[in-house]
Amino acid sequence: MSPFRPSLLAGLIAAAAAGLVCVPGAFDAASTAEAANANANARRQYYSGWHYSAPSRYHYRVYYYKPYPTYTSYRRRYVVYYPSRPRYVYYYNPYSHRYLGRFDLEAEGEKKYSKLAEKDQKENLEEIPEEAFPALDQMPLIPDAEDGERMAPLPEGLPEEPDDED
């Protein structure tokens with residue numbers, strides 16, 4: 001059996017049901033408190049801590065951003081780490097249900113991101129061939145930004161593997 005779920009969305013929905021994450025359109029007091037505790041009004045973009053989806057065996061964190069500085073709330077993307085693919089973390093859009101690109105954890109310098117062409121963005125990571133990922137470049141622009149501001153790179157540090165309970 002493949003270590004990847006047919007849909008990342010299914011795992012995120014399960015995490016939301018367990019109260020671990022807020023999916024678009026849903027209210028989650030923990031996510032709201034996390035944003036408030038992060039001094040959200042003073043920052044345009046930031047990453048949450050790591051969370052673990054036990055059934056699907058992946059880790060994820062949330063990238064919160066404002067398309068422009070005066071935007072009144074945050075939008076989000078998910079950053080997904082599969083221990084079976086330790087070189088990369090993958091950026092996922094929960095609104096379009098598509099993987100957008102990946103961050104190379106082993107790359108040196110400022111070029112660490114590989115942004116997928118729209119035609120190569122898929123809901124299932126297994127449907128994206130390796131050759132679809134272009135050469136590394138700088139982080140892309142903040143989604144929907146009109147001022148040229150780039151996304152913050154992934155903070156250093158990967159999640160620790162949880163103890164197996166089975």
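This is a predicted model: local features need pLDDT of at least 70, side-chain atom pairs count only at pLDDT 80 or more; totals for chains, interfaces and linings use all residues.
Strand S5 spans residues 88-93, and six of its six residues are buried, so the strand is largely enclosed by the rest of the structure. Its side chains fall into two sets. Tyr88, Tyr90 and Tyr92 point one way. Val89, Tyr91 and Asn93 point the other way. In a regular strand, side chains alternate between the two faces of the sheet. Both sets in S5 are buried.

Strand S4 (residues 75-81) runs antiparallel to S5, and three bridges join the two. Val79 has Tyr91 of S5 as its bridge partner. Six residues lie between S4 and S5, which form a hairpin. Strand S6 (residues 98-104) also pairs with S5 in the antiparallel sense, over six bridges. Here Tyr90 is bridged to Arg102 of S6. S5 and S6 form a hairpin as well, with four residues between them. In that turn, His97 has a positive phi of about 60 degrees.

The largest nonpolar core contains 18 residues. Those with the most contacts inside this core are Tyr78, Val80, Tyr82, Tyr90, Tyr99, Leu125 and Ile128. Strands S3 (58-65), S4 and S5 are the elements that give two or more residues to the core. S3 provides the largest share, four residues. Beyond its neighbours within four places in sequence, Ile128 is in contact with Tyr99, Leu116, Asp120, Lys122 and Phe133. A second, separate core has 15 residues, among them Tyr65, Val79, Tyr91 and Leu154.

Arg44 lies in the loop between helix H2 (29-37) and strand S1 (45-47). Its relative accessible area is 15%, under the 20% cut-off, so Arg44 counts as buried. Not counting residues up to four places away in sequence, Arg44 touches Tyr64, Tyr65, Lys66, Pro67, Tyr68, Pro69, Tyr74, Ile142, Ala145, Asp147 and Glu149. Two of these contacts involve polar atoms of the Arg44 side chain. One reaches the backbone oxygen of Pro67 at 2.6 Å. The other is a polar contact with the side chain of Asp147, also at 2.6 Å. Met151 is 107 residues from Arg44 in sequence, yet their C-alpha atoms are 9.8 Å apart in space.

Terms used:
Residues are numbered from 1 along each chain as its sequence is written. Side-chain values use heavy atoms; hydrogens and water are left out. Buried means under 20% relative accessible area, exposed over 50%, partly exposed in between (1.4 Å probe, protein chains only). Two strands pair if DSSP finds at least two bridges between them. A nonpolar core is a set of buried Ala, Val, Leu, Ile, Met, Phe, Trp, Tyr and Cys residues joined through side-chain atoms within 4.5 Å. Contact means heavy atoms within 4.5 Å. A polar contact is a pair of N or O atoms within 3.5 Å; within protein, one must be able to donate a hydrogen and the other to accept it, and residues adjacent in sequence count only if both atoms are side-chain atoms.
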